[in-house]
Amino acid sequence: MDTLKYQSQAVAKPYFIFAMILFVGQILFGLIMGLQYVVGDFLGGIIPFNVARMVHTNLLIVWLLFGFMGAAYYLVPEEAETELYSPQLAIILFWIFAAAGVLTILGYLLVPYSTLADITLNHLWPTMGREFLEQPTITKIGIVVVCLGFLFNLGMTILKGRKTAINMVMMTGLIGLAVFFLFAFYNPTNLALDKYFWWFVVHLWVEGVWELIMGAILAYVLIKVTGVDREVIEKWLYVIIAMALISGILGTGHHFYWLMTPEYWQWVGSIFSALEPLPFFAMVLYAFNMVNRRRREHPNKAATLWALGTAVMAFLGAGVWGFLHTLSFVNYYTHGSQITAAHGHMAFYGAYAMIVMTIISYAMPKLRGIGEANCNKAQVIEMWGFWLMTVAMVFITLFLTGAGILQVWLQRLPESGEALSFMATQDKLEIFYWLREIAGVIFLLGLISYLTSFFITDKKAQA
Amino acid sequence: MSESFTKGMARNIYYGGSVFFFLIFLALTFHTVKEMPKRDNRHNITEAVERGKHLWEKNNCIGCHSLIGEGAYFAPELMNVYDRRGGGSEEGFKAFMNGWMNAQPLNIPGRRQMPNFHLNDQEIDDLAEFLKWTSELDANGWPPNIEG
């Protein structure tokens with residue numbers, strides 16, 4: 001059955017499938033790390049913690065990028081009302097990115113990191129060994145090349161077609177993503193400068209331009225599943241991303257409290273980052289409002305659930321859990337504790353993993369030629385996946401928050417001499433880490449359920 | 001949202017607001033970079049410190065440890081490890097570093113394992129110099145106590 005408006009939208013499919021495969025890898029390595037938190041020598045000689053963590057976080061970043069790219073290839077042609085400029089280029093770039101990603105992960109797993117640095121000639125332009133930017137320099141160059149080709153392809157598509165607000169916001173977000181990634185190549189010897197500009201990639205991605213991408217995808221899906229007037233949805237989109245950038249750009253200051261920076265960042269960062277939950281709260285109001293005002297009953301209930309879910313969970317994870325430790329006098333004690341980890345988990349899942357699953361849920365039935373939606377049974381299994389993963393993530397976050405509060409109490413609040421050491425504190429947190437690991441297993445079950453839903457077809461309909 | 005508030009107005013707030021706050025951010029960044037030498041002791045960055053930073057990166061130390069609170073939370077904060085383990089002297093810290101790095105992995109059943117990175121004496125000395133330099137950074141009074 002031909003269910004796509006524009007045939008070239010089909011290039012999104014391999015991007016989505018590969019994103020899901022990497023997602024599975026991310027969760028498996030997360031479980032390994034979670035176990036190493038309590039059984040310290042688990043796989044110690046084979047997969048040291050630092051390797052597992054690098055694989056866990058890098059797979060996350062890469063699968064989200066695959067998801068964003070798939071989303072862009074899917075929605076940009078439809079919004080622009082024209083075929084993609086070059087479907088061939090999109091497929092070539094898919095294979096380049098996939099090969100570079102797989103080789104990099106294999107490099108992490110098969111040789112010691114220092115050997116990987118040597119064989120990829122890191123000494124010529126050292127960029128490795130910084131959190132989230134562990135990729136060999138050659139991989140980073142590959143990411144830039146793929147991004148340039150991708151932006152060129154989308155740009156040419158938008159130029160020859162309709163320029164909707166959704167397309168413009170999506171494009172601005174993606175260009176921002178590419179531009180800020182360039183700071184990954186700046187690694188000065190002076191750690192003070194290194195750390196300051198490292199945040200230009202990390203913060204300005206996740207608390208800046210990625211929010212544009214999220215907003216654009218959510219707006220697109222809401223138009224489709226609710227049938228609400230585009231003018232209304234796009235107005236909300238602009239209000240939300242305006243709030244996101246007005247709060248989020250100077251909100252970068254909440255990472256500058258404890259660097260070699262002037263004290264005024266403690267004021268600037270506290271005030272502006274305290275406003276960062278607002279766009280996420282607006283997103284919740286908007287998603288529910290639009291669904292309540294829907295003009296049609298879209299058969300894809302699962303996609304609507306994901307759209308509402310991502311707004312709520314992004315607000316909780318990025319908004320509420322971010323606010324918990326963003327004020328400088330709180331952050332002084334919580335900086336770099338398990339509270340940071342708690343926030344990171346729910347924010348990434350709620351805002352970014354879930355928005356990618358929202359677009360996948362909406363687009364996949366069409367990409368696979370099934371129609372507007374999967375059969376009821378497949379949707380039920382998909383929604384089981386939604387709830388299991390989401391509830392498990394809530395518990396992961398709560399357990400890590402518990403661990404974090406106790407850690408701050410034992411290790412950070414007392415004076416030197418009375419405070420417990422890091423390792424002694426970790427022993428006291430064991431129960432929280434075990435509970436977190438159990439919640440992680442539930443998350444995996446949810447993921448399995450979610451993936452199973454792709455293989456359920458309505459036998460009656462086929463017969 | 002009220003009908004009199006149009007999409008065009010929302011768009012203008014988005015573009016105007018983003019550009020305005022981004023320019024402020026750039027201005028503050030410019031000022032911060034100018035002020036940084038007062039706090040980062042850059043005159044103490046020797047060649048050994050520089051080599052130490054490369055070793056820190058090349059062995060992905062940040063994959064387990066944090067440095068000024070950033071990194072992984074699996075192993076202790078190392079910005080102030082010089083103060084915590086050095087006993088107040090460079091000799092003390094270097095002796096500790098040499099013993100510690102060569103003793104890995106400790107192989108205590110169930111305990112978190114630090115790998116052995118097979119660094120030679122010169123490299124351990126460079127890493128120690130880097131960590132000594134980081135301990136002298138002025139990060140606005142962080143960490144709260146010696147435990148990091």
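Where is the place of Glu81(A)? In this predicted model, Glu81(A) sits in the loop between helix 2 (49-80) and helix 3 (87-110) of chain A.

View 1. Glu81(A) has 46% relative accessibility and counts as partly exposed. Leaving aside residues up to four places away in sequence, Glu81(A) touches Tyr6(A) and Arg162(A). Ile61(A) lies 20 residues from Glu81(A) in sequence. In space, 30 Å separate the C-alpha atoms of Glu81(A) and Ile61(A).

**View 2. Packing of helix 5 (residues 137-160) and helix 6 (residues 165-181) of chain A.** The axes are 10 Å apart, at an angle of about 160°. Helix 5 and helix 6 of chain A are therefore roughly antiparallel. Their crossing is left-handed. From helix 5 of chain A, the contact residues include Ile143(A), Cys147(A), Phe150(A) and Leu154(A). Helix 6 of chain A contributes, among them, Met168(A), Met171(A), Leu174(A) and Phe181(A). By class, the contact residues divide into 14 nonpolar, 2 polar and 1 charged.

**View 3. Buried residues of helix 9 (residues 264-274) of chain A.** Trp265(A), Gln266(A), Val268(A), Gly269(A), Ser270(A), Phe272(A) and Ser273(A) are buried. Their cover includes helix 7 (191-226), helix 8 (230-251), helix 10 (277-292) and helix 12 (328-334) of chain A. Helix 1 (7-35) of chain B also belongs to this cover.

**View 4. Domains of chain B.** Chain B is divided into domain 1 (1-35) and domain 2 (43-135). Taken over C-alpha atoms, the centres of domain 1 and domain 2 of chain B are separated by 42 Å.

Methods. Residues are numbered from 1 along each chain as its sequence is written. Chains are lettered from A and ligands numbered from 1 in the order in which they are written. This is a predicted model: local features need pLDDT of at least 70, side-chain atom pairs count only at pLDDT 80 or more; totals for chains, interfaces and linings use all residues. Side-chain values use heavy atoms; hydrogens and water are left out. Buried means under 20% relative accessible area, exposed over 50%, partly exposed in between (1.4 Å probe, protein chains only). Helices (H or I, at least four residues) and strands (E, at least two) are DSSP runs, numbered from the N terminus. Contact means heavy atoms within 4.5 Å. Domain bounds come from an automatic or database domain assignment. Axes are lines fitted to C-alpha atoms, for helices over the stretch in contact, and angles run from 0 to 180 degrees between N-to-C directions. Angles under 35 degrees count as roughly parallel, over 145 as roughly antiparallel, 65 to 115 as roughly perpendicular and the rest as oblique. A crossing is left-handed if the near helix is turned anticlockwise from the far one by less than a right angle, and right-handed if clockwise. Ala, Val, Leu, Ile, Met, Phe, Trp, Tyr, Cys and Pro count as nonpolar, Asp, Glu, Lys and Arg as charged, and the others, Gly among them, as polar.
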